Structures are given as structure tokens and as C-alpha cells.
Amino acid sequence: MLEANLEDRKRESRLIAIRAWIAAALVIAALGLVVVRLMHLQVDQHDHFSVLSRDNRVKVQPLPPARGLVYDANGVLLADNHPSFSLEITIEKVDDLNATIEALSRVIPIDARDRARFERQKRQRMRFQGVPIRLNLTPAEVARFAVDAHRFAGVDIRAELVRTYPLGEHTAHVLGYVGRINEQELARIDKSNYAGSHFIGKSGLEKAHEALLHGRVGYQQVEVNARGRVIRTLESQPPVSGKDLHLYLDIGLQQAAKEALGEERGAVVALDPRNGGILALVSNPSFDPNLFVEGISQTDYQALLRSPDKPLFNRAVRGQYPPGSTIKQFVALAGLAEGVTTSRRATYCPGAFSLPGHSHRFRCWRRGGHGALSLEQALVQSCDVYFYDLANRLGIDRLSGFLSDFGFGALTGIDVAGELGGLMPTRDWKRRVRKQAWYPGETLIVGIGQGSFLATPLQLAVATAAVANHGKVIRPQVARAAQAPGASAAEQLPMVSHTIDLADEHQWDLIIDAMAKVVESGTARRIRSTEYRIAGKTGTSQVFSLGQNQRYNAATLPKHLKDHALFVAFAPVEDPRIALAVIVENGGGGGATAAPVARRIMDAYLGVANEPSEPSDAGGGRGD
């Protein structure tokens, strides 16, 4: 019995010892696994987990550049930046977006327009990017949110510079405006350079010079806590601000041009013929570009769209009108250059012109006719029959080719986005577009600036400057120079020009003298000045055509059916410093309506006190 008990104890001891060894082995094995795992994590995966750890702690934030400012020729600030605070939500940091917005609206007013803009922009941003829910916070709203900020994870106040246009509608069509980046723009821009930027040039100068004005983005590395709050800045690369633009535009002249147009719909383009610098570019009526910067309301936008005066339409660079008689000096030059007429050759005007073998009568604006006229007299009296005959002898091929050298039918290349090129009709154009042959009668109509011929006020101003320059065609430019921040001298922007050579240089003087007599004794005589000489040409652009036996009577027509009034000019004749084109929509005769507008602008630029123009002697007929 005693031996049996001893045997049991020995077995139990061995069993306990075996179990102890097994347990120890398991512990050692487990510890070994832990050590191996630690070795793997701490040694083999050190670099990988170091990067992940640093990324959790360190964030890279873009620093948007300040947009370049815009100044007029005299240093007047036309486009500025002002600080603005907005409330932003980072979607990925918010658990319940709707509940967060509802709670926010009890702290800061958020209306339906804010919600709609937020939903629209939310679709354009990544989840880790902030989306503005309220713009233009007041200081009181900023302070109120700061008190409750701890309740809103993922919601922050963002400070940014927002574009503003101090002169509003006076510069809307030339400067254009910036707006928030949309999906189409996001697809084509350099996303890295626009990280943190919310605005981009949408139209006008702002769009044309976007690359200069925007600048280069900067970055900063910041340390954040577990809630994403910035603790400190570790490293930063400052942004490079956009370049400031200095313009040729004279805002005083711009305002004078707009005042000269008054309540009329129309456009004015004035430039310096010596360098192509745009002195004034007005489209009337206009609009307030500040409405578009943060996003225009649907109500305001619909009001602008539905206005019968079309204030959003840039008539100066996009308005395409038949140039009317303002084209006759260029047709006269074509006749001289091609040798089909001379200064002494006379043409008889009986009041109408017919092509040989045809009965259709192309009427002169003076139904009784002008009698026999030289080229100079034809320009001074703006005789249509003289130019029917001249255009017929030139033919459309030579006529369109010569006029194209002045830039008709092509973009001028002005640094204002959205320009249209007008239409210089040719045989090929009609065959290609209308699938029809060219008829001789169409050449006659082109010779007086009607029919399919379309030109913009900008093209007319550039071509008129070329006459003042004896054939030197200069690319129009609004921006004179770009100046980098801190730079002492502005960088001059390049201009491109070409020259129209005539075999006889005196032909330029012949046309310029005739244009001067248009103002001194012709169809624009009511604006002649005793202070300086003006060379100009009146024009009337037909809104509708008359039948063979119909007569035009402006007194019986509603405003919208009256002819457009045009006038082109440069001054002083001896040393041209300003060339311009004016169009007054449905203004009637160019001499009666558009020429006085031009005279007021030239007086303002040349520093001459306004002299009263002579009363209009325009009757009820279609003239100029």
C-alpha cells in the first residue's frame, strides 16, 4: 500500500514537471513570436510605419497665392482683393452631415441659396477638401462660431482673398470677372497649382491674363492632433503672388465714353494708334461684375439674361454689325491701290446704280443723286453710287483681299477673352457655307458695308488706326505691362504689327484729307472743332432692307427698327493720338448720333473743353 502511494506521487510529480515544461515551452514560444513580430515591425517595417506615423501627425496644406492687382494708365486701382471669411465643412470628418448643417444653422444663418451652392460644390470636391457652406461671414458671426467651434468636428473658418471691382459696371466688359472654379475648368487646369485656389478668370482681361494674374501655389507642413487641429507649422514654402497688370486703359476716359453714350445701347472702342493701347472699351448697358465673384443669385442672373438691353453682351468685341459707310475709305484705298480709280476720276450719281443688263436699282441714300463726284467728294458726301461702281470694277476677290489686310473677318488678338472675328464675305465663304455661287450684286452691297459683311467696333477702331498710321496695323492691347511683386520695373508686354504697303504713299494722305473734310464740310460737319482737326467717317447700318419702291422714314418707325449709327475717327489729324469707333444701336444716322459721342470722347482725351455740336439736320431718310 505504501509503495503504491509512493508510485502515485512520482507520477504526479513527473506529470506536473511535464506540464510545467510544456507551459514554459509555450510561454517561450509565444515570447519568441512576440520578439519576432517586434523585430519585423521595428526593424524590417521601420521605414513603412515611420511614414504612416508621420502622415498621421503631419499634414501638407496648400497656400494659395494672392491674385495680381490691375491698375489703369494713371495708377487707379481697377481690380483689388479683400479679405473674406467663409465657413467650410470637410465631408470626411463629419459623421452626420445633415445634422451638422442643422446645428450650424442655429449658430450662423444658412439659407437655401447657401445649401444649394454647398450641394453643387460638394460634387466638385474631394471628401478631404473643405466645401464652403457660408460665405462672407461678419466679424460677429466669426466670433459666435469660435465660441461653439468645439462642437463641430470637421467645420472650420477659412480666410481668403476675394476679388473686388471698385468701379463696378464701368469696367465689367473690359476686365471681365473671376468666379469659383467649376467642373469643366477643374478638368483642364493644373490642379497642383490651383490647390487651395477657389477662383479663376471667367471673362475679359481676367481670363485672358489668368496665367499672369494667378501666381504659384505654396505649401506648408503642419503638425496636427488627433482631431485634425493644427498644433504647429513644421516647414513652409510661401506662394508667389500673381503679377500686377498695368493697363493702357484710362478710367477717366472710360467713364467719359460711358457717359457720352448715355442711355443708348452701343459700344465705344478708343485706342492709341501709336502703340495699339486700348484707352477705352465700353459696352452699354453694363452690369456689376462683383455679383459674379462669389456666385450670382438665380434671381439676379435671370434678370440680366431676360433684360431686352442684353447687359451681359460685350458689344465692343462680340457685337458684329454691318459697318455701313464707315467702310468706304477702305474701299477707296483698294480702288487706288489696285489702279481701278484715281483721285481725278469722276463718277456720276443719278440716285441709283444698275448692273449692265439688269433692271434692279441699287439706290443711293440721296434719292435725287449727287451728280458727278470725285473720290474725295464721294467720301465727303458718302455717295453710295460712287462705291457701287468702284466695288463692281474691283470685284469681290480684290475687294475682300484688300480689306482683309486691315483685319476685317479675323480676330484682332486683343487680350480680352471672347472676341468674335466678324465676317469678310468671299466667293469661297459663300460656296462653303451657303452652298451658293457669288452674285455681282452682292459685291456692290459689300462695297457700302452692307449685306453679309460684318465687323465689330474693335475691328473698325483698329482699321481706322491703321489709316492714321499710313498702313501700320497694330495688335490692340489692354494690358501695357506686368509687374512681379517686389519688382521695381514692370515687364512690357509684346505687341505684334504688320504693314500695308501702297505703291504710292501719297494715297494715304489723299484718304486722310478726305476723311478730314467729312468732318469739316461733309456728313459729320456738326462735330468740327476749332481746337484740333478730326478725320472721320460716318456710317449707317441697316436693321432691315427696303423694297424697290419703299422709302425709309425714321419718324414712323419704332426704336428697334431704326438703323444703327456708326462713326470712326482719329485726331489730331497732324499727329494722331486717339482713334476710335462708336456704334449706337438703333441710333439713326451716324453723323447725327454717333459722331457727337465720338467728339465728346476725343475732347475728354485731348483735354479740350466740350464745344456744343451743331444741331442735327438729319431728316427722316436713310443716310450716311
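Mentor: Let us begin with Glu185, which is buried at 8% relative accessibility (buried means under 20% relative accessible area, exposed over 50%, and partly exposed in between, with a 1.4 Å probe and protein chains only). The model is predicted, so local features need pLDDT of at least 70 and side-chain atom pairs count only at pLDDT 80 or more, while totals for chains, interfaces and linings use all residues. Residues are numbered from 1 along each chain as its sequence is written, and side-chain values use heavy atoms, without hydrogens and water.

The partner of Glu185 in a salt bridge is Lys202, with 2.8 Å between the closest N and O atoms (the rule asks for a side-chain nitrogen of Lys or Arg within 4 Å of a carboxyl oxygen of Asp or Glu). Because Glu185 belongs to helix 7 (residues 183-188) and Lys202 to the loop between strand 7 (199-201) and helix 8 (204-208), the pair ties together parts 17 residues apart in sequence; helices (H or I, at least four residues) and strands (E, at least two) are DSSP runs, numbered from the N terminus. Lys202 is partly exposed, at 23%.

Finally, Arg315 and Glu585 form a salt bridge, their closest N and O atoms lying 2.9 Å apart. This pair links distant parts of the chain, 270 residues apart. Arg315 is buried at 2% relative accessibility, and Glu585 is buried at 10%.
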